[in-house]
Amino acid sequence: MAQMNGMTHPVPSVEVRKPEDLVTAIRTGKLEPCLLTRNAGSSWLARISCPEVCLDFARLNSSFLFTGVMPEGYYTLMFVVECPTQGKAFNLQVNHRDGYMAMYPPGHEVDAYTPAGYSSATLTVPT
């Protein structure tokens with residue numbers, strides 16, 4: 001079990017301090033994070049990886065703009081667990097808060113704003 005901030009997590013996790021380390025937030029996705037604040041702070045990533053299905057968790061402590069594409073050959077279901085202020089999926093033309101869910105087809109573009117305090121769970125399943 002991994003630990004962060006004194007809490008024990010039942011899945012492998014990592015504390016992320018550099019924005020460029022968030023490119024791995026979704027298995028086989030091609031994300032480009034752009035930090036929108038002066039200090040990145042620390043974020044948290046965890047992954048439950050099976051041979052074909054993957055469940056990724058992220059908690060971001062800074063505001064980011066994410067651009068790129070979702071994994072080729074996989075449908076991606078994104079569940080917004082926490083979004084303390086309004087987030088935005090520009091390519092889907094949607095503003096969102098906690099409880100929002102999006103489904104991306106294989107290789108679909110990502111263009112999203114995530115506020116500080118945002119957390120999500122992302123499920124990727126093969127086509």
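**Close-up views of a predicted model**

**View 1. Strand 12, residues 109-114, has alternating side chains.** Val 110, Ala 112 and Thr 114 point to one face and are buried (under 20% relative accessible area; exposed is over 50%, partly exposed in between; 1.4 Å probe, protein chains only). Strands are DSSP runs of E, at least two residues, numbered from the N terminus. This is a predicted model: local features need pLDDT of at least 70, side-chain atom pairs count only at pLDDT 80 or more, and totals for chains, interfaces and linings use all residues. Residues are numbered from 1 along each chain as its sequence is written, and side-chain values use heavy atoms, with hydrogens and water left out.

**View 2. Strand 12 pairs with strand 7 and with strand 9.** Pairing requires at least two DSSP bridges between two strands. Strand 7 (residues 64-69) runs antiparallel to strand 12 over six bridges. Phe 64 has Thr 114 as its bridge partner. Strand 9 (residues 87-89) is also antiparallel to strand 12, joined by two bridges. Here Ala 89 stands opposite Ala 112.

**View 3. One aromatic pair is counted.** Rings of Phe, Tyr and Trp (its six-membered ring) pair if their centres lie within 6.5 Å; planes under 30 degrees apart are stacked, over 60 edge-to-face, the rest tilted. Phe 64 and Phe 66 have ring centres 5.6 Å apart and planes at 35 degrees, so the pair is tilted. Phe 64 is buried at 1% relative accessible area, and Phe 66 is buried at 11%.

**View 4. The structure holds zero disulfides.** A disulfide needs two cysteine sulfur atoms within 2.5 Å. The closest cysteine sulfur to that of Cys 54 is in Cys 50, 7.8 Å away, too far for a bond. Cys 54 is buried at 0% relative accessibility.

Methods: Helix = DSSP H or I, 4+ residues; strand = E, 2+ residues; numbered from the N terminus.
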